[in-house]
Amino acid sequence: SFSAGFINPDAIRTLFSTAMSEMYRTEVPAYQMLVELVREVNEAVLAADPAERHRLEAAGGLARITEERHGAIRLGTAQELSTMRRLFAVMGMQPVGYYDLSEAGVPVHSTAFRPVTDEALGRNPFRVFTSLLRLDLIADAGLRNEAEQVLAGRNIFTDGCLALIEKAEAAGGLTEEDAARFVAEALETFRWHSRANVPLELYKRLHDAHRLIADVVSFKGPHINHLTPRTLDIDAVQRMMPEKGIAPKAVVEGPPTRRCPILLRQTSFKALSEPVDFRDGDGWRSGVHTARFGEIEQRGIALTPKGRALYDALLQDSRRLVAPAADGSNAAEYMMALQEVFAPFPDSWDEIRRQQLGYFSYSLTEAGRRNPPASDCDLETLIGAGLVRFDPVVYEDFLPVSAAGIFRSNLGDDVQQDFSASPNQQRFEADLGAPVRNPFDLYAEIERASIDACLSAMCPVTA
Ligand code: OOG
Ligand code: NI
């Protein structure tokens, strides 16, 4: 909770997410087309399925869906990462999860900044996938040194933004007026810069080492590189993208199509080639840079460690059967293999719950609200009697294999670079200046709190 006179951090996050969306819409017009397509598809899904509409309404998840989006940025230094953590904290976002992408040939490790409580997620689940460049994975010491120097010389935050972060930390919040200024100042960090921070010659060498290094080091700030709306039917959006003149990546990342969606499915369109001016002596020279793209996602139930282990094993099995080719030539075979291999994963909410593969949120039914106190306070008995219902808890995080697929399809599928896997969560947390939260703990807590609330409403005087 926060003192009177301060605006709720959830409200700052909504202001920021809206401002970000407006900025990205003008920067990348194809984003606007995707948002419209997703809205169309979501409306059609809900019109065709009143039961799903009703379920989402009852679970309080309908209002958030059209407002829902995630973005991604890539940072260059520990200092930038720890300040970014403080910036996001002002709007109620905390680092959740550790993702090592080195195994997938991408020299970064990452976390997701997002709200963590059920209440805050229900208000606005805006998330930002945040990666830190790992120059330690770059073999060429000379180039590493040059990159470090360029990064050390930039300041990605405005003075106004830093002052307001400090003010919020010292006072425990921001007034409405300060919050509006904070949002405007913070937005500057995420803006696209069409003027590079390095000469073309250095850009080329960075680019040859890895396109991602060029993307992080060559600019004044960590431009937001995509903003992803949430759809209720990703297969429909994937099918309809070409009709709108947008070419999607060949395969949808994540689990196959199912009646009961699990975790996260994602698809994207390729990054745009955009004109950039590079320093050249005293003047400027024009070139291009490819970084910003569009992505859509469909979210399903958050899995327990047991469910996640099953997902990981099945995903690995399907990729062993058919490895999705970079050029998309075997996309249909891959999707078919995925569908077949995933058959053992139960596809009803009852069965997923019975086998404890996913997290559920429990609430009183209409009858439950009319009926307390119950004579038998066992949760399963209450469910059986129709007094308590359960709904899937939404997966709020990301998937490393999917993220690697998204990274790769945007870095150019031709460049396949290998680093040996070297997760280093300790180093990441030292750079971040805080530990990352464990996502499983957060889902378990949401489930537990929902059970407690049902039981204390139905059985007020349990000893
Ligand atoms: C982030 C890619 C990962 C997702 O949704 O998995 C990602 C990036 O390209 O910076 O956004
Ligand atoms: Ni993404």
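Me: How far apart are the end C-alpha atoms of helix 9, and what span should its 14 residues give?
Reply: This is a predicted model, and helix 9 covers residues 176-189. At 1.5 Å a residue, its 14 residues should span 20 Å. The figure agrees with the distance between the end C-alpha atoms, which is 21 Å.

Me: Within what arc do the buried residues of helix 9 fall, seen down its axis?
Reply: The buried residues of helix 9 are Ala 179, Phe 182, Val 183, Ala 186 and Thr 189. Seen down the helix axis, they line one face, because they fall within an arc of 105°.

Me: Which helices do the buried residues of helix 9 pack against?
Reply: The residues concerned are Ala 179, Phe 182, Val 183, Ala 186 and Thr 189. Their packing partners are helix 1 (9-27), helix 5 (78-90) and helix 8 (159-171).

Me: Which exposed residues does helix 14 carry on the face turned away from its buried side?
Reply: In helix 14 (residues 331-341), the buried residues are Tyr 334, Ala 337, Leu 338 and Val 341. They cover an arc of only 100° around the axis, so they lie on the same side of helix 14. That buried set packs against helix 13 (305-321). The face turned away from the buried side carries the exposed residues Ala 332 and Glu 340.

Me: Which element gives the largest share of the shell around ligand 1?
Reply: The residues around ligand 1 are Ala 72, Arg 74, Phe 129, Ser 131, Asn 225, Gln 266, Glu 295, Phe 398, Ser 402, Ala 403, Ile 406 and Phe 407. Two or more residues each come from strand 1 (69-75), strand 4 (127-133) and helix 18 (400-411). The largest share, four residues, comes from helix 18.

Me: How do the residues of the shell around ligand 1 divide into nonpolar, polar and charged?
Reply: The shell includes Phe 129, Ser 131 and Glu 295. By class, its residues divide into six nonpolar, four polar and two charged.

Me: Is Leu 263 buried or exposed?
Reply: Leu 263 is found in the loop between helix 12 (234-240) and strand 7 (264-269). Its phi is near 50°, a positive value in a residue other than glycine. Most residues other than glycine have a negative phi. Because Leu 263 has 22 C-beta neighbours inside 10 Å, and 20 or more are required, Leu 263 counts as buried.

Me: What is the value of phi at Gln 356?
Reply: Gln 356 lies in the loop between helix 15 (349-354) and strand 11. With 13 other C-beta atoms within 10 Å, Gln 356 is partly exposed. Its phi is positive although the residue is not glycine, and the value is near 55°.

Me: Which residues does Ser 363 touch, not counting those up to four places away in sequence?
Reply: Ser 363 has its place in strand 11 (residues 360-364). It is partly exposed, with 18 other C-beta atoms within 10 Å. Beyond four places in sequence, Ser 363 touches Arg 389, Ser 450 and Cys 454.

Me: What distance separates the C-alpha atoms of Gln 149 and Asn 8?
Reply: Gln 149 lies in helix 7 (residues 141-152) and is exposed, with 10 other C-beta atoms within 10 Å. Along the chain, Gln 149 and Asn 8 are 141 residues apart. Their C-alpha atoms are separated by 39 Å.

Me: What pLDDT does the protein average?
Reply: The model scores ipTM 0.99 and pTM 0.94. A pLDDT of at least 70 is reached by 96% of the residues, and the average is 91.

Terms used: Residues are numbered from 1 along each chain as its sequence is written. Chains are lettered from A and ligands numbered from 1 in the order in which they are written. This is a predicted model: local features need pLDDT of at least 70, side-chain atom pairs count only at pLDDT 80 or more; totals for chains, interfaces and linings use all residues. A residue is near a molecule or strand if its C-beta atom, placed from the backbone, lies within 6 Å of it. Ala, Val, Leu, Ile, Met, Phe, Trp, Tyr, Cys and Pro count as nonpolar, Asp, Glu, Lys and Arg as charged, and the others, Gly among them, as polar. The expected span of a helix is 1.5 Å times one less than its number of residues. A residue is buried if 20 or more other C-beta atoms lie within 10 Å of its own, exposed if 12 or fewer, and partly exposed in between; C-beta atoms are placed from the backbone. The arc is that of the directions from the helix axis to the C-beta atoms. Two residues are in contact if their C-beta atoms, placed from the backbone, lie within 7 Å. pLDDT is the predictor's confidence in each residue, from 0 to 100.
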